[in-house]
Amino acid sequence: MDAINTQVTFNQLISELSSRLINSEPAETYECIEEVIEAFGSYAGADRCYVFEFDDAILNMTNTHEWVREGFEAHIDDLQSIGINDLPWFFDEIKTHQIFIVNDIELLPPEASAEKQEFKREHIKSVICVGIVAKHQLLGFVGCDKVQEQHRWTPEEVRCLKLVANIIANTMERQRTYSELIHTQRELEKANRLLQAQVSQDGLTGIANRRAFDERIHNEIQRSMREQSPLSLLIIDIDHFKSYNDHYGHLQGDQALKSVANAMFDLFQRNTDFVARYGGEKFVAVISATDKEKTEASIKQLIESVRALQIPHENSDVAPYLTVSVGGYIHTPKTDESINSLIDKMIAKADSALYRAKSDGRNRGYLDD
């Protein structure tokens, strides 16, 4: 009657643990597997119960979970990354049959000499292992040892251990699927970030492109409306850039564009500042929460920082070095203004100021009223 009660209790416990594993979060899986092997170890009167996982090629195995009866020695730390050449006969048996039963290790065949030596090292007298198989793939095995005495494993114990192996197989497969899903999600997020960066980034200079500017100016106007703070837009044009390209070549021209972009990026460092390549040799800068004096100072600093690059420009009638002209417009948006109309107005006003700066000899900047 005790054996029947023990069987019923074990079945109930396994059923409960199986339900927990099915509904467990990934972080709980490890704990649940530990409880499953402890339940079987206690039921079978084993001294040690464990789970080993194979690599994909089934050339190495690692002890990942272990339950040890009180007073007996644990071996999980010294059973890591065991290769097929270490226990060739065991690897072959478990790969071929998905089950390995030894009631008395003294009766192992001669070809299992390495296995016999290892079992004796661990003081094992009897051992049983059942393969963990999911989707026709051998993931590892769950096993039990008898250390204190020899034991003839019964058909019922074999059946129960196979049940445990199936539960663990389903759990491991779910965990692997979850891990693969998380990995896939992270790769997709990474790809999306890279794609977004490519979509919004100028391929030559590395700063934002026209599309990113269109989005940013819209957002900054909305913010200025909420905070009732002024917003400045600058349009920057490299002076006589066509003649620079014709004289020095397109490769040198590309390098000049990069240098000017870097100078702008270094100058406008606040989170609320934004610089972008507008097209060709034109750039734009958006400066939030500023005023007329600060905007004029930013224009002067920008012109000076490009001069300081001292990029030779022999064909310029402005200076011996590459220079820029700047046009700007500052405005505090009203809440009843149309954002799209205001964008058009700010661009037109800044462009008008840029035209005046170029007409007055270039290498200078103005703010439109």
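The largest nonpolar core of this predicted model has 26 residues, and Phe40, Ile132, Val142 and Ile168 touch the most other members. A nonpolar core here is a set of buried Ala, Val, Leu, Ile, Met, Phe, Trp, Tyr and Cys residues joined through side-chain atoms within 4.5 Å. Buried stands for under 20% relative accessible area, exposed for over 50%, and partly exposed for anything in between, with a 1.4 Å probe and protein chains only.

Where does this core come from? At least two residues each are supplied by helix H2 (26-44), strand E1 (48-54), strand E5 (126-134), strand E6 (137-146) and helix H5 (155-200). H5 gives the most, with eight residues. Helices (H or I, at least four residues) and strands (E, at least two) are DSSP runs numbered from the N terminus. Apart from this core lies another, of 25 residues, including Phe241, Leu302, Val306 and Val326.

A word on reading the model: residues are numbered from 1 along each chain as its sequence is written, and side-chain values use heavy atoms, leaving out hydrogens and water. Because this is a predicted model, local features need pLDDT of at least 70 and side-chain atom pairs count only at pLDDT 80 or more, while totals for chains, interfaces and linings use all residues.

Now look for the cysteines. The whole structure has zero disulfides, a disulfide being a pair of cysteine sulfur atoms within 2.5 Å. Cys49 is buried at 1% relative accessible area, and Cys144 is buried at 0%.

Next come two helix pairs. Helix H6 (residues 210-227) and helix H10 (residues 339-359) pack at about 110°, with axes 10 Å apart. Axes are lines fitted to C-alpha atoms, for helices over the stretch in contact, and angles run from 0 to 180 degrees between N-to-C directions. H6 and H10 are therefore roughly perpendicular; angles of 65 to 115 degrees count as such, under 35 as roughly parallel, over 145 as roughly antiparallel and the rest as oblique. Their contact (heavy atoms within 4.5 Å) includes Phe213 and His218 of H6 and Asn340 and Met346 of H10.

Helix H7 (residues 241-248) and helix H8 (residues 250-267) pack at about 135°, with axes 7 Å apart, so H7 and H8 are oblique to each other. Among the residues in contact are Phe241 and Tyr244 of H7 and Gly253 and Leu257 of H8.
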